[in-house]
Amino acid sequence: MSATKKPTRARSKAAPSRMPLLLGGLAVLALAVLIAVMTASGTGSAVSVEELAGSPQVASDPLPDFAGDPANDPALGQPAPVVEGEGVAGDEVTIGGSGAPQLLVFLASWCPACQAELPELVEWLEGGNLPDEVELTAVITGLDATRPNWPPTDWLDDEGYTGATILDDAESTIADVYGMSGTPFWVAIDRDGSVVGRASGRLEMRQVQVMADSLAQR
């Protein structure tokens, strides 16, 4: 008597291929990259220097170039150049001249020291450290669409800076008449419109506080 053969178990169902899932993931990644590129090109690199630059009007004599020694700066006591221009929001802005004490900070978006300075300045301002008597204006200068972190308007937004600004032109006219030697560049102007301090390079906020408090008392 022949033995009955044990029924052969049906062959297990083949595991589903992962290929469709892999292709789907690659498609999603490609779409994300495409959206990122389109977003970047639509909000940043498409803006030219000519479109962004201001048209500052200078109504007084320029200051001598800053040579790096704040204590022996020949600009101390000289009238600050009066400049009329527009801010990044299109508002009319005037710097220099008599009135409220002013603190100017010249910033270039591609400048690493400026990129480090701005968030600290924003935090300092948000902490309510700027005396009420003092006006602070950021001079957006060194406009160059070929360098990183362009345009500066996006940079200001990203860092949360909502204070006053004035746009320099493509030739950096405002920077030139204030004798800027590098960025960041700080200028303190008393209520009589005289320069009482200039400094080049990144400052700690405690140093900015000293300048601001001193201006408030003038």
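Helix axes are lines fitted to C-alpha atoms over the stretch in contact, and angles run from 0 to 180 degrees between N-to-C directions. The structure is a predicted model, in which local features need pLDDT of at least 70 and side-chain atom pairs count only at pLDDT 80 or more, whereas totals for chains, interfaces and linings use all residues. Residues are numbered from 1 along each chain as its sequence is written, and side-chain values use heavy atoms, with hydrogens and water left out.

Helix α3 (residues 112-126) packs against helix α6 (residues 205-216) at an angle of about 55 degrees, the axes lying 10 Å apart. The crossing of α3 and α6 is right-handed (the near helix is turned clockwise from the far one by less than a right angle). Contact (heavy atoms within 4.5 Å) involves E117, E120, L121 and W124 of α3 together with M205, V208, Q209 and A212 of α6. Five of these contact residues are nonpolar, one is polar and two are charged (Asp, Glu, Lys and Arg count as charged; Ala, Val, Leu, Ile, Met, Phe, Trp, Tyr, Cys and Pro as nonpolar; the others, Gly among them, as polar).

Four bridges link β2 (residues 83-86) to β3 in the antiparallel sense, and E84 stands opposite T94 of β3.

S172 is located in the loop between β6 (164-167) and α5 (173-177). With a relative accessible area of 17%, S172 is buried (under 20%, computed with a 1.4 Å probe on protein chains only). Apart from neighbours within four places in sequence, S172 is in contact with T141 and G142.

Notes: Helix = DSSP H or I, 4+ residues; strand = E, 2+ residues; numbered from the N terminus. Pairing = 2+ DSSP bridges. Buried < 20%, exposed > 50% of the residue type's maximum accessible area, 1.4 Å probe, protein only.
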